[in-house]
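I opened this one to look up one residue first, then the chains around it. My notes follow in the order I made them.

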Amino acid sequence: MKFDLLLTGVGGEGVLTTGVMITKAAHEEGKYVRGVQLHGLSQRGGTIPTYIRFGDKEGIHSPAPMKADVDLVMSFEPIEAVRATEYARKDKTNFVLNTYPYMPIYGNLENVPYPDMDEIKKRIEPFAKDIKVFKTDKRAKKEFGDIIYGNVMLVGAAVSSGELPLDKDTVRSAVESMAPRNVEENLKAFALGLEMGRE
Amino acid sequence: MRCLEEAGEKVPMLGNEAIARGAIEAGVGLVASYPGTPSSEVPMTLSRLSDKLDYYFEYSSNEKVAFETAAGAAWSGVRSIVPMKHFGLNVAADSVSPVAYSGVKAGMVIMVADDPKGWSSAQSEQDTRYYGEMCRLPIIEPANPQEARELTEKAFDLSEEFELPFILRTTTKISHSVETVELGERKDIETEGYFEGEEEMFDNVGPGLQRQHRKVDRKLEEIEEKYGEKLNRVEKSGTEKDEIGIIVSGVSYDYVKEAMQKLDINAPLAKLVMTYPISKKFISNFIEDKEEVLVVEELQPFVEKEVQRIAKDTNPELKIHGKDLLPKDGEYNLEVIIPALEEVFDKDIGIDFEEHEEKAKDAMEGLPPRKPVFCPGCPHRSTFYALKKIYGKNIMYGGDVGCYALGTFEPYDMQDFLISMGASLGLTHGVKKVSDQDVVVTVGDSTFFHNGMPGLANYAYNDGEAPLIVVFDNRWTAMTGHQPHPGTGKTGMGEDVTPLKIEDIAEAMGAEVEIANSFSQEELEEKIKELKQKDGLRVLVSKGECRLVTKRRKKREGKPIVKFQVEQDKCTKCGICTEEFACPAIKEERKQKGEEPKYTIDPDICLGCSVCSQVCPQGAIKPRKGE
């Protein structure tokens, strides 16, 4: 078994932290883990892709998966999902995204409007077997007053909708161990995510 | 506790963490480092664990001092490691070369992370392996975190055996890649040493120098003889006739392994772990019966050239592929390596990567571009804004290395060059000497301590017409992950110390010094105007703590951050906040292109620095109600 996940979003959004959490959960299930976490300049408001690969050790060597070959793209920012399409292909890749638009200042400066969700889906479709959109950012804002909980929620939704092949209990304990502060909120967000994914 | 788990446990780790663990397993007694991406997590991990373990840890003022500190410990019989980025080795090199001659008494590892593709905003794709040949030091290269852990310990042992520092060389995709790593036993940590000062180690005057040279060359020969075959290995699989072989080093090993699987290639694979000195015996044995070899290594053809040399004696007919099929620039990955293997082994994976990338590029066409930008609340944006207002964008701005280098992007465009740590001072000095251009120098706090001070001293000594030097002081080495520096008031082991004051140092060097609060446009403007009217060496220290650190502290203390909002009835849509100031928290929303925008501040990312409210000419930006 081998599963390739591309987690993407914007630096400062908690992509790295979420990646560490998923890595931890996969490890807890006894899976071999490989991946890439970029730190540094990319953290400053730039695109920040994190690759996570897990499964049997024999089939996984490269730190990053092959282009046109990942199983799942999970994006915390809609246009970054479009930027991930080079790793995706129509007969293989599923997409899970939220709806939080992080407009880059260069969009303002160059007067390029932020595309709406229909437009984003249309761009992704030629590379996607399936696209699932969860409004976890909005739900997190409503429930906790902070979109950051939307990340854990989106992971929950990806798990319960079957897109991320990890057990909800191992992910839950990873959430618990990763969040020394605000554990309660994070666990609640994860539970809400599980619910959203089932609907 | 991460990195302190028991031997035998399996833990997912970053390559850099695995190196830190390897150093702990080797019983390292002293760690000295100046942080630099992509190596920063090695010192960060060892700094974090310094209160749990017995070794001494420090963030040194630059890599040369860090190297010397580590070498001093190793001279005195205590194992030491000095992690740095590739350019760090350039800074340290002045001492590296002579220490290779002197040798060491305990294991010493120089960990250097190269950065092909420049993920860290690196200013060149330097290939550190040439330092091995130049400075006479062996180089060990892991392929992944598991090997990084094992080879770190190995490098300590070998260094001790041959009394010579070893370079442990990684690249970004080793340092920043993750793998389930199996941990090893931890040796006892020895922190007590004594400097014996043996004459034969330090006799490098006159004929002694040649003796030292011969000594280090002899050591390298012994290392090649004893470990050249042992450290490297040949993986022979399959039943094919094996006319074609692959020689690989570094992270490329992991790419090649997976690409071979995907393409169903069973060729013999020679994996080089020690890339300097390269074992002639190992390479000869591997190539003597081959018709073709493919050498896979990122950056320069360092191994390939050696294979060419060895093949002249062993197998002159051998066809050697390498940089004819693979690039010297950028970073490798599966998509780069697969086409080369397809070519050499006549295989086809069934995916045209170029075509696929083109298709993806089409899908991305016309999206709002995302480039690195100052974070919301960044004190540097505010300082640049005031400078822009008073000096404009069109004078020359001497640029330097740090977060403020982001001032190179629009709408600031106020970094004319980015060369090396502290280089803004010397380079502008040269320009000033041959032109009458208006110049402002921009340099950060950590960079000032690292290598900015000699440039300032030189200005004081040699230039009566020195320009305005602006020090962007955010209290931390922020870009690499907020490590402390001599001006922070904290050591790498978390102890409180008296911070060095940049203003005092500049004053002692004879500069006229002003201090301004980075978050006050009024203060910045006043001080910049004042200094602009004067002549001679002038330093403005713009002080404002990195807002990310402030945010974390406030969160820890349970204190709120007062966020800001745009009062729509007052906003005249002049666009200064987005087009001139450009904080990513300020949104300019339009449903359609050309439509009149609405300006709002995203409370989820606003860090409440208040500067936008100071630059809004209408006074339309105010703290959010109830906060």
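**Entry 1: Ala259(B)**

I note here that the model is a predicted one.

I then placed the residue: Ala259(B) sits in helix H10 of chain B. Which residues does Ala259(B) touch, leaving aside its neighbours within four places in sequence? I found Leu334(B), Ile337(B), Ile338(B) and Leu341(B). I also took the C-alpha to C-alpha distance from Ala259(B) to Ile395(B), which came to 51 Å. In sequence those two are 136 residues apart.

**Entry 2: where the chains meet**

Next I went to the contact between the chains. I get 51 residues of chain B in contact with 50 residues of chain A. Which elements of chain B each supply at least two residues to that side? My list has strand S1 (10–14), strand S8 (177–182), helix H10 (252–263), helix H13 (334–345), helix H14 (353–364), helix H21 (576–581) and strand S21 (586–589). H14(B) gives the most, with 6 residues.

Strand S2 (residues 32–36) of chain A is joined to S8(B) by 3 bridges, and the two run antiparallel. Val36(A) has Ser177(B) as its bridge partner in S8(B).

S8(B) also pairs within its own chain. I find 5 bridges between S1(B) and S8(B), again antiparallel. Met13(B) stands opposite Glu179(B) there. S1(B) is mostly covered, with 4 of its 5 residues buried.

**Entry 3: a parallel sheet in chain B**

I traced an open sheet of 5 strands in chain B. Its order is S15-S16-S17-S19-S18, and the pairing is parallel. Which strands stand at the edges? Strand S15 (396–398) and strand S18 (512–517) of chain B do. Each has a single partner strand, so one side of each is left without a neighbour in the sheet. On average, neighbouring strands are turned by 20° against each other, direction ignored.

S18(B) pairs with strand S19 (residues 538–543) of chain B in the parallel sense, over 6 bridges. Val513(B) has Val539(B) as its bridge partner in S19(B).

Then I looked at helices that lie across this sheet. Helix H15 (residues 379–391) of chain B lies across strand S16 (439–444), strand S17 (468–473) and S19 of chain B. H15(B) runs at about 160° to S17(B). Helix H16 (residues 423–434) of chain B lies across S15 and S16 of chain B. I put H16(B) at about 170° to S16(B).

**Entry 4: a helix pair**

I picked helix H3 (residues 63–75) and helix H4 (residues 86–102), both of chain B. Their axes come within 7 Å and cross at roughly 35°. The crossing of H3(B) and H4(B) is right-handed. From H3(B), the contact is made by Glu63(B), Lys64(B), Phe67(B), Glu68(B) and Ala71(B). From H4(B), I listed Gly88(B), Val91(B), Ala92(B), Asp94(B), Ser95(B), Val96(B) and Val99(B). By class, the residues of this contact are 6 nonpolar, 2 polar and 4 charged.

**Entry 5: chain totals**

How many helices and strands does chain B have? I count 22 helices and 23 strands. Its radius of gyration is 27 Å, close to the 25 Å of the globule rule for 627 residues, so chain B is as compact as a globular protein of that length. The C-alpha trace of chain B spans about 80 × 65 × 55 Å along its principal axes. Buried residues make up 53% of chain B. Of the chain B contacts with a separation of 6 or more, 78% are between residues 24 or more positions apart.

Chain A has 8 helices and 6 strands. I read its pattern along the sequence as β-α-β-β-β-α-β-α-α-β-α-α-α-α. Its radius of gyration is 16 Å, close to the 16 Å that the globule rule gives for 199 residues, so chain A is as compact as a globular protein of that length. Its C-alpha atoms fill a box of roughly 50 × 35 × 35 Å along the principal axes. I find 60% of the residues of chain A buried. Among chain A contacts between residues at least 6 apart in sequence, 67% join residues at least 24 apart.

Technical notes. Residues numbered from 1 in each chain as written. Chains lettered and ligands numbered in written order. Predicted model: local features only at pLDDT ≥ 70, side-chain atom pairs only at ≥ 80, totals over all residues. Axes fitted to C-alpha atoms, helices over the stretch in contact; angles between N-to-C directions. Left-handed = near helix turned anticlockwise from the far one by under 90°. Contact = placed C-beta atoms within 7 Å. Nonpolar A, V, L, I, M, F, W, Y, C, P; charged D, E, K, R; others polar. Pairing = 2+ DSSP bridges. Rg over C-alpha atoms; globule rule 2.2 N^0.38 Å. Buried ≥ 20, exposed ≤ 12 C-beta atoms within 10 Å, placed from the backbone.
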